[in-house]
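Please examine the sequence and the structure shown below. The paragraphs that follow lead through a strand region and then through a set of charged contacts.

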Amino acid sequence: MGKAGHAMTVDEKTTDPAITKANPGPVGNSANRFFQALTRKRFQRVGMPVIGLVIALLAFFILGRLLQNIAFDDVLAAITQIPGTSILLALIFTTISFAAVAAYDVVAVDTIAPGKIPRRISLMAGAAGYAISNALGFSLVTGGALRYRVYAAEGINLADIGRIIGTSWFAIWFAFAIMIAIAMVADPTGVPWLSSVHPAVDVTAGLAVLGAIAALVIWLSRGERTLSLGRMSVRLPSSNGALVQIGAGLVDVAAAAATLYVLLPSGSVSSFAVFVLVYVVAVMLGIISHSPGGVGAFEATVIAGLGLGQNPDAIAALVAYRVIYTVLPFLVAVAALVVSEVLRRRERLSAPAKAVARVMEPLIPPLSAGIAFLGAIILLISSLTPDLSNRVDVLANYLPLPILELSHLAASFVAVALLIVARGLAKRLRRAWVVGLVLFSSGAVFALAKGLDWEEALILSMLAAVLWLFRDSFYRRPLDRGLQLSWGWLASVSAIVFGSIFLGLFAFNDIEYSHDLWWEFAFDSDAPRFMRAAVLIGTVLLAALIHTLINQRGGRKSGYQAIPTEVPHIVAQARNTTAALALLGDKRFLMSTDGRGFVMYARSGGSLIAMGEPVGPEEQIGELAWAFHDLADRTGARTVFYEVGTEHLPLFLDMGLVALKLGEIARVDLTTFTLDGAKRQPLRYADRRADKEDLVFEIVPKDKVLSIIPELEAVSDAWLAMKSGSEKRFSLGFFDPAFLAHFDMAVMRYHGEIVAFANLWRSGDRHEIAVDLMRHRPDASKIIMDALFAKIMVYAKGEGYHWFNLGAAPLSGLVNSRLASRWNRFGSFLYRRGRDFYHFDGLRSFKEKFGPVWTPHYLICPPGLDTPRSLLDVTTLVSGHPLELVRK
């Protein structure tokens with residue numbers, strides 16, 4: 001990809017075919033790993049959301065069957081009858097549960113990164129992260145992703161963040177296992193789903209689990225332990241740390257379960273042990289499903305496992321549990337960030353408080369997405385359940401029926417729109433923030449107009465005010481792409497929509513269906529309004545699905561990009577010959593304020609990719625690089641610099657980016673170059689053989705290039721046909737008359753007919769000369785490329801150029817060691833396979849005969865999980881599609 005392709009299209013053609021057939025060795029293993037990683041990535045991106053959605057839909061179906069004999073009004077009445085003491089106890093247990101969750105992170109951070117993060121920050125990261133992820137659902141913003149944002153902002157590296165998150169998950173899943181084991185031992189006869197199994201089997205299995213965990217703790221007490229998974233190692237906590245985490249996990253799960261237990265009516269559960277087992281299984285299924293907080297899957301499991309389907313008081317308890325354990329902690333997190341933001345704006349925060357506010361700022365986007373979800377759910381429930389008849393009667397005196405009907409449909413549309421816009425809020429998009437404010441405001445108006453629902457209007461207005469307060473966090477403006485909805489996000493939105501429709505069906509299950517209901521319009525016709533709203537909501541959701549299918553991120557975008565008038569002059573003065581790529585017409589430009597420098601770039605996937613370093617005066621390089629980094633951040637993209645040298649590496653490292661070595665650039669020192677000597681014998685042979693075969697070398701000035709374009713095109717088409725390939729883009733020149741007319745052309749003629757050519761890139765101060773496209777006819781002499789190279793070098797030396805740029809040798813200079821960077825190895829594999837069209841095997845040995853000086857070049861990209869994404873985006877931009885990495 002890049003400069004390698006310029007001179008390096010060479011020979012591929014002249015290298016020994018046996019070289020390209022070499023045993024794949026480690027590269028073959030890398031290919032297998034790549035196929036596996038690609039399959040896993042696709043399954044995680046599409047398969048897991050689909051599985052989660054299927055579980056959620058199945059759960060709603062089961063709920064419908066279980067609740068078919070319960071009236072919606074009975075559940076509403078039961079909610080008002082929940083004792084105040086039960087609610088108070090539920091609040092206390094919720095507080096205990098979230099305090100235990102916060103303890104996970106404190107122990108994990110003290111174990112993995114001791115002293116790097118203050119405990120108050122890890123406490124808040126654990127509690128606030130869980131409150132947000134518990135409300136939004138694990139498919140949208142997991143607790144791990146939120147912790148990554150907070151801890152990465154504090155300078156913790158990806159490996160340690162992964163270990164912290166893994167250690168926290170160790171606690172919760174071990175707590176799940178212990179609670180299930182205790183339940184099997186304490187009440188083996190009452191365990192649901194295992195009634196056909198002898199109680200002794202339950203007890204034995206439970207004791208075996210408890211014994212295994214006890215053995216693990218004893219093993220940890222005998223010294224520092226490390227768990228190795230492949231090349232990744234995780235430092236395990238000490239026995240004391242493990243006991244603290246397991247204890248925190250047990251307190252968390254037990255307190256969470258107790259929150260629901262105290263809300264359930266007395267006598268509805270046979271034993272607390274059995275209840276905890278059912279609760280743990282319900283939580284696990286909720287995690288797998290893609291509905292926020294596991295709603296639907298959790299309720300269906302609890303109701304089916306405990307046999308609560310005929311008890312409206314138990315259903316009311318589940319509703320209250322959702323409000324207390326899911327919604328209330330989320331609102332507390334919102335309130336905490338609101339207070340922090342208000343005080344920050346008034347500059348009343350102490351230094352420690354300012355540090356906390358700075359660290360917590362990454363939580364604002366997902367929190368705002370949660371606000372949008374909350375507003376959407378409120379509108380959906382309101383639109384799909386019966387209105388209060390007395391309020392509708394009041395409206396009937398002031399509003400015509402069509403206004404009420406349209407407001408009802410409009411409120412439904414706003415609800416689904418909020419679910420979609422929430423994705424943009426999570427990505428800090430400015431337009432999503434503006435649209436969110438409009439939707440909240442219009443939703444409040446429609447809530448009043450459809451049923452005089454002033455409570456909903458007040459809540460939506462308050463949420464709009466919170467969103468307004470967070471306005472500084474939404475500054476990104478995408479360049480050319482609309483909002484992309486991931487499959488996980490669509491699955492979560494679908495789960496919410498289907499759950500809301502299920503609630504409507506439950507509310508109107510006493511209404512007998514009739515085709516006439518669709519056309520019934522009256523102030524008291526709640527069921528027909530529900531039916532029409534459900535169709536509108538489903539239609540909008542289907543439209544979002546179709547839009548996602550059509551507009552999935554594919555290969556590079558074609559189309560000419562206008563080249564600013566200053567660019568050709570800057571290219572002509574540039575010290576680096578790769579600046580000529582600016583004239584391809586496939587890039588955008590970020591110009592310096594005085595018009596003397598630029599960054600050329602393109603968008604691919606989620607990355608903004610600059611081709612090489614900024615071009616212009618040395619004093620502007622840093623300013624342009626930082627301006628590009630800021631542009632990428634404001635547009636919600638990853639910052640990537642593709643093919644940069646060593647001179648400005650500290651500049652990019654200061655941006656918090658990492659450097660992946662792509663290979664080495666070969667440059668020939670023309671001041672000492674000669675065809676004489678034993679090492680140059682192959683070049684002398686090619687040069688003399690060309691003369692004997694009547695091959696004539698000629699430099700065609702750029703102002704005459706258009707006159708020979710038909711001949712050049714015939715050679716190029718034949719060369720492409722021979723290679724069974726197509727033109728690349730971005731980091732490579734391609735055959736385009738307008739592009740080639742910018743450069744002098746070196747040609748080889750046979751009896752007056754052009755049989756080979758190469759366009760010449762020249763630096764402005766004769767510092768360097770390079771070739772871009774090098775193509776020949778299939779029936780040309782075997783030595784034609786070597787001869788063309790030799791004659792160009794002799795010509796360039798005579799013109800006074802210092803360096804001849806042979807381009808890159810991909811993978812050259814990379815360390816093939818098990819201790820090498822994982823991402824560096826993976827990136828090298830992608831780079832090599834992404835350029836299969838040019839066959840790099842043996843390329844270094846080909847260039848060695850010119851006696852070059854080798855210098856490394858790099859891909860600059862964000863660290864952590866963004867590294868492989870950046871690599872795929874770059875490959876997609878150059879090759880057209882990631883799958884071309886593995887195509888033969």
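How many bridges join strand E5 to E6, and do these strands run parallel or antiparallel? In this predicted model, strand E5, residues 607–611, is joined to E6 by five bridges, and the two run parallel.

Strand E6 itself, residues 638–644, is mostly covered, and seven of its seven residues are buried.

The structure holds 24 salt bridges. One of them is formed by the side chains of Glu 455 and Arg 391, with a distance of 2.6 Å from N to O. Because Glu 455 lies in helix H19 (residues 454–469) and Arg 391 lies in helix H16 (residues 389–396), the pair ties together parts that are 64 residues apart in sequence. As for accessibility, Glu 455 counts as partly exposed because its relative accessibility is 30%, whereas Arg 391, at 16%, counts as buried, since the limit for a buried residue is under 20%.

A further example concerns Lys 791. Asp 687 forms a salt bridge with Lys 791, and their closest N and O atoms are 2.8 Å apart. This pair links distant parts of the chain, since Asp 687 belongs to helix H25 (residues 681–692) and Lys 791 to helix H28 (residues 784–798), 104 residues apart. Asp 687 counts as buried, with a relative accessibility of 15%, and Lys 791 counts as buried at 13%.

Lys 791 also forms a salt bridge with Asp 691, where the closest N and O atoms are 3.2 Å apart. Asp 691 in helix H25 and Lys 791 in helix H28 are 100 residues apart, and this pair likewise links distant parts of the chain. With 43% relative accessibility, Asp 691 counts as partly exposed. Elsewhere, salt bridges that share partners join Glu 405, Asp 526, Arg 529 and Arg 532 into one network.

Conventions. Residues numbered from 1 in each chain as written. Predicted model: local features only at pLDDT ≥ 70, side-chain atom pairs only at ≥ 80, totals over all residues. Heavy atoms only, no water. Buried < 20%, exposed > 50% of the residue type's maximum accessible area, 1.4 Å probe, protein only. Helix = DSSP H or I, 4+ residues; strand = E, 2+ residues; numbered from the N terminus. Pairing = 2+ DSSP bridges. Salt bridge = Lys/Arg side-chain N within 4 Å of Asp/Glu carboxyl O.
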